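This briefing goes through a predicted model. Please keep the sequence and the structure in view while reading the points below.

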Amino acid sequence: MLRIHFTGRDLERIRLSARPDPLWEVVCSACRLQTREGPQVFDLWRRGVRRQLRHGGAPLRAVRMLCGLVPFAAYFPDFLTPPREGRGFGLDEGVDRVLSTPRRRMEREIGLLTASGGRPRAGTALARGEREALHVLGAALREYHTSFIAPVGQAVEAAVSADVDWHSRALREGGIEGLWATFGPMARWRSPALEVAYPVDRDLHLDGRGLLLVPSYFCWRRPVTLVDDSLQPVLVYPVEKPAPAVSAAGPAELSGLLGPTRAALLQEAASPAWYSTSEMAAATGISLSSASQQLAVLRRTGLLTSRRDGKHVLHSATPLGRRLLGGPPAE
């Protein structure tokens with residue numbers, strides 16, 4: 001278990017990233033590629049990656065490089081995921097920060113990786129800060145993201161956007177305790193510490209530095225944090241993963257497929273905001289009991305996702321539902 005200890009100042013400095021972090025998605029997806037976890041969500045993506053790898057070339061070199069640096073269920077270097085400031089950064093700036101890691105730190109973290117059983121490609125050259133090795137690492141990060149993350153970027157953005165909206169609403173309406181309640185069962189608030197499901201027993205004292213929460217599509221089951229406690233604290237956590245997208249249907253086809261009531265509810269749920277059952281019923285002009293029944297059908301078919309927020313159940317269309325409507329996965 002990971003226990004994150006807060007002071008009053010830390011509670012004032014909690015931040016929630018509004019966008020996916022490109023490098024955390026690279027690192028987390030490299031772990032998913034090495035396992036069979038989450039088959040319903042990740043198997044189509046994994047099959048697509050493996051099809052590309054059969055052709056060799058830059059994508060294969062990138063995967064080999066990154067899987068050597070990020071072995072599944074083991075230590076990986078913190079320098080691969082540099083701290084974000086303000087609104088964060090894009091891929092290119094993030095890669096530049098990785099390559100600007102001080103030599104002593106890179107040497108230390110590569111040493112920890114090797115000591116834990118990892119076999120990083122060009123590890124010795126990276127530890128020495130050799131220019132060619134850094135160039136290869138930068139190219140691998142960019143190639144991996146372009147080949148394997150960018151093609152599913154809409155699904156990643158939509159899932160993160162829905163998650164951020166949910167957590168933000170919980171914070172607005174329930175304060176800090178309301179926010180922490182949305183992280184169950186993978187985390188539990190026991191003031192003044194947040195207890196997080198984690199593979200090892202560990203305490204992280206924030207000491208006034210605050211905490212950055214980073215939602216991640218490719219993170220799975222339990223949150224991840226940095227190993228070095230002296231770095232800016234961050235908690236990367238998994239967002240809800242809906243089913244893969246399908247081809248869009250027009251309004252008439254959608255009504256014929258789902259029925260007019262469920263089609264109308266799905267249209268309402270495609271709004272960027274999360275709506276309660278009573279709000280959905282009022283918007284579509286049906287009774288509360290009917291709305292509850294029809295929303296349950298949409299949820300079972302993967303077109304809708306629902307979350308409990310205190311006394312209310314809130315609903316939002318999944319990327320699958322948004323794609324079926326013929327619009328973008330999320331605004």
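Strand β7 (residues 224-225) and β8 run antiparallel and are joined by two bridges, and within that pairing T225 has L235 of β8 as its bridge partner. Strand β6 (residues 211-216) also pairs with β8, but in the parallel sense and over five bridges.

- Strand β8 (residues 234-238) is mostly covered, with five of its five residues buried.
- From β8, the residues V234, V236 and P238 point one way, while L235 and Y237 point the other way, and all of them are buried.

**The sheet of β9, β10 and β11**
- Three strands form an open sheet in the order β9-β11-β10, and their pairing is antiparallel.
- Because β9 and β10 stand at the edges and each has a single partner strand, one side of each is left without a neighbour in the sheet.
- Helix α9 packs on this sheet and touches β9, β10 and β11, with a direction that makes about 20 degrees with that of β10.
- Strand β9 (residues 275-276) is joined to strand β11 (residues 312-317) by two bridges, the two strands running antiparallel.
- Along β11, H315 is the bridge partner of Y275, and L314 is the bridge partner of S276.
- Strand β10 (residues 304-309) pairs with β11 over six bridges in the antiparallel sense, and T305 stands opposite S316 of β11.
- The hairpin of β10 and β11 has two residues between its strands, and G310 in this hairpin takes a positive phi near 65 degrees.

**The bent helix α9**
- Helix α9 (residues 153-181) spans only 28 Å between its end C-alpha atoms, whereas a straight helix of 29 residues would span 42 Å at 1.5 Å a residue.
- At G174, α9 bends by about 140 degrees.

**Nonpolar cores**
- The largest nonpolar core has 74 residues, of which I4, L69, L126, L137, Y144, W180 and L213 touch the most other members.
- Leaving aside residues up to four places away in sequence, L126 touches M65, L69, M106, I110, R121, A133, L134 and L137.

**G117 and its loop**
- Where is G117 placed in the chain, and is G117 buried or exposed?
- G117 lies in the loop between α6 (103-115) and α7 (123-127), and its relative accessibility of 56% is why G117 counts as exposed, since the cut-off for exposed is over 50%.
- Between G117 and H55 there are 62 residues of separation in sequence and 29 Å in space, taken from C-alpha to C-alpha.

Technical notes: Residues are numbered from 1 along each chain as its sequence is written. This is a predicted model: local features need pLDDT of at least 70, side-chain atom pairs count only at pLDDT 80 or more; totals for chains, interfaces and linings use all residues. Side-chain values use heavy atoms; hydrogens and water are left out. Helices (H or I, at least four residues) and strands (E, at least two) are DSSP runs, numbered from the N terminus. The expected span of a helix is 1.5 Å times one less than its number of residues. The bend at a residue is the angle between axes fitted to the seven residues ending there and the seven starting there. Two strands pair if DSSP finds at least two bridges between them. Contact means heavy atoms within 4.5 Å. Axes are lines fitted to C-alpha atoms, for helices over the stretch in contact, and angles run from 0 to 180 degrees between N-to-C directions. Buried means under 20% relative accessible area, exposed over 50%, partly exposed in between (1.4 Å probe, protein chains only). A nonpolar core is a set of buried Ala, Val, Leu, Ile, Met, Phe, Trp, Tyr and Cys residues joined through side-chain atoms within 4.5 Å.
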